[in-house]
Amino acid sequence: MKQSLTLAEYPLFTLEIEREETRFDSVDAICAYFRACIESHRGAEFIAEFDHYAHTKSLPEGQIGEGILAAKNVVFCLGIALPNPHLLADRPRSIGVAETDQGFLITFLEAPMPVVNAAMEDWALGLCDRPRTAT
């Protein structure tokens with residue numbers, strides 16, 4: 001097996017939403033919203049929804065951080081090119097959706113394609129009742 005390291009670092013996008021800032025009231029509702037966004041995008045393919053909270057809680061050694069009430073990943077692929085086989089390690093994409101005592105936390109890693117980042121940012125910001133910009 002050959003090991004290679006990439007010099008690229010992928011920043012983490014994080015959107016914190018207080019309960020009164022969104023029309024969504026649960027992680028499941030937010031995951032359904034993201035699934036609809038994915039299914040309506042011509043270059044995206046929904047793969048799965050993973051209940052990270054339930055999985056971790058079911059493990060004898062599982063530990064869940066204080067204040068985390070629910071946590072799921074929406075797994076999908078959004079790619080219009082596969083220029084080389086090494087990029088498979090960077091795919092598929094995942095959007096994390098967590099419910100905390102304060103509200104909801106949406107996270108995803110930056111993708112190497114700006115068009116993919118723009119779509120994920122737009123989807124995430126669409127959760128907010130008032131217009132916001134990515135930071």
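In the predicted model, the charged end of Arg35 sits over the ring of Phe46, at 3.8 Å from the ring centre. A second contact of this kind involves Arg19, whose charged end sits over the ring of Phe104, 5.4 Å from its centre.

Aromatic rings also contact one another. A search of the whole structure returns 4 aromatic pairs. In one of them, the ring centres of Phe13 and Phe108 are 5.0 Å apart and the ring planes meet at 5 degrees, so the pair is classed as stacked. Phe13 and Phe108 are both buried. Elsewhere, a single aromatic cluster is formed by Phe24, Tyr33 and Phe34.

Charged side chains are paired as well, and the structure holds 5 salt bridges. One of these joins Asp129 to Arg23, with an N to O distance of 3.7 Å. Distant parts of the chain are linked by this pair: Asp129 lies in the segment after helix 3 (114–125), whereas Arg23 lies in the loop between strand 1 and helix 1 (27–40), and the two are 106 residues apart. The partners fall into separate accessibility classes. Asp129 has a relative accessibility of 43% and therefore counts as partly exposed, while Arg23, with a relative accessible area of 51%, is exposed. The value for Arg23 is over the 50% that marks an exposed residue.

Lys72 takes part in a salt bridge with Asp28, in which the closest N and O atoms are 2.4 Å apart. Here too the pair links distant parts of the chain, Lys72 being located in strand 3 (residues 68–78) and Asp28 in helix 1, 44 residues apart. Lys72 has a relative accessibility of 15% and so counts as buried, whereas Asp28, at 45%, counts as partly exposed.

The side chain of Lys72 also meets that of Glu49 in a salt bridge, at 3.1 Å from N to O. Glu49 is part of strand 2 (residues 44–51) and Lys72 is part of strand 3; this pair, 23 residues apart, likewise links distant parts of the chain. Glu49 is partly exposed, its relative accessible area being 38%. Through shared partners, the salt bridges join Asp28, Glu49 and Lys72 into one network.

The surface also carries a nonpolar patch. Tyr10, Leu12 and Leu109 form this patch, and their accessible area together is about 290 Å². Tyr10 is placed in the segment before strand 1. With a relative accessibility of 33%, Tyr10 counts as partly exposed; this value is over the 30% required of a residue in a patch.

How values were computed
Residues are numbered from 1 along each chain as its sequence is written. This is a predicted model: local features need pLDDT of at least 70, side-chain atom pairs count only at pLDDT 80 or more; totals for chains, interfaces and linings use all residues. Side-chain values use heavy atoms; hydrogens and water are left out. Rings of Phe, Tyr and Trp (its six-membered ring) pair if their centres lie within 6.5 Å; planes under 30 degrees apart count as stacked, over 60 as edge-to-face and the rest as tilted. Buried means under 20% relative accessible area, exposed over 50%, partly exposed in between (1.4 Å probe, protein chains only). A charge sits over a ring if NZ of Lys or CZ of Arg is within 6 Å of the ring centre and within 35 degrees of the ring normal. A salt bridge is a side-chain nitrogen of Lys or Arg within 4 Å of a carboxyl oxygen of Asp or Glu. Helices (H or I, at least four residues) and strands (E, at least two) are DSSP runs, numbered from the N terminus. Patches are made of residues with over 30% relative accessible area and no salt bridge: like charges are joined within 9 Å, nonpolar side chains (Val, Leu, Ile, Met, Phe, Trp, Tyr) within 5 Å. Accessible areas come from the Shrake-Rupley method with a 1.4 Å probe; for residues, only the protein chains shown count as cover.
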